[in-house]
Amino acid sequence: MNNEKIIELRGKILKGIELSFEKLVLAKQKNNGQFVYSKDDKIIFVKASELVK
């Protein structure tokens, strides 16, 4: 596989991940959901409504 195809494939994969996350955020917003992250050994809760672009 040459470098151009690798770059193109990487771009498509990243775009797909971005679209999937946007769909997830929209679904969580409709249900007043939240995301849970771990940062520096602490649990962080983030409401989906706070993730508006």
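Which residue's side chain meets that of lysine 12 in a salt bridge? The partner is glutamate 8, with a distance of 3.3 Å from N to O. A salt bridge is defined here as a side-chain nitrogen of Lys or Arg within 4 Å of a carboxyl oxygen of Asp or Glu.

The model is predicted, so local features need pLDDT of at least 70 and side-chain atom pairs count only at pLDDT 80 or more, while totals for chains, interfaces and linings use all residues. Residues are numbered from 1 along each chain as its sequence is written, and side-chain values use heavy atoms, with hydrogens and water left out.

The structure contains two salt bridges. Lysine 12 and glutamate 8 are about one helical turn apart, because four residues separate their positions in helix α1. Helices are DSSP runs of H or I with at least four residues, and they are numbered from the N terminus. Lysine 12 is exposed at 55% relative accessibility, and glutamate 8 is partly exposed at 45%. Buried means under 20% relative accessible area, exposed over 50%, and partly exposed in between, with a 1.4 Å probe and protein chains only.

Lysine 15 and glutamate 18 also form a salt bridge, at 4.0 Å from N to O. Both residues lie in helix α1, three residues apart, or about one turn of the helix. Lysine 15 is partly exposed at 44% relative accessible area, as is glutamate 18 at 38%.

Leucine 14 belongs to helix α1, which spans residues 3–30. The relative accessible area of leucine 14 is 51%, so this residue counts as exposed.

Notes. Helices (H or I, at least four residues) and strands (E, at least two) are DSSP runs, numbered from the N terminus.
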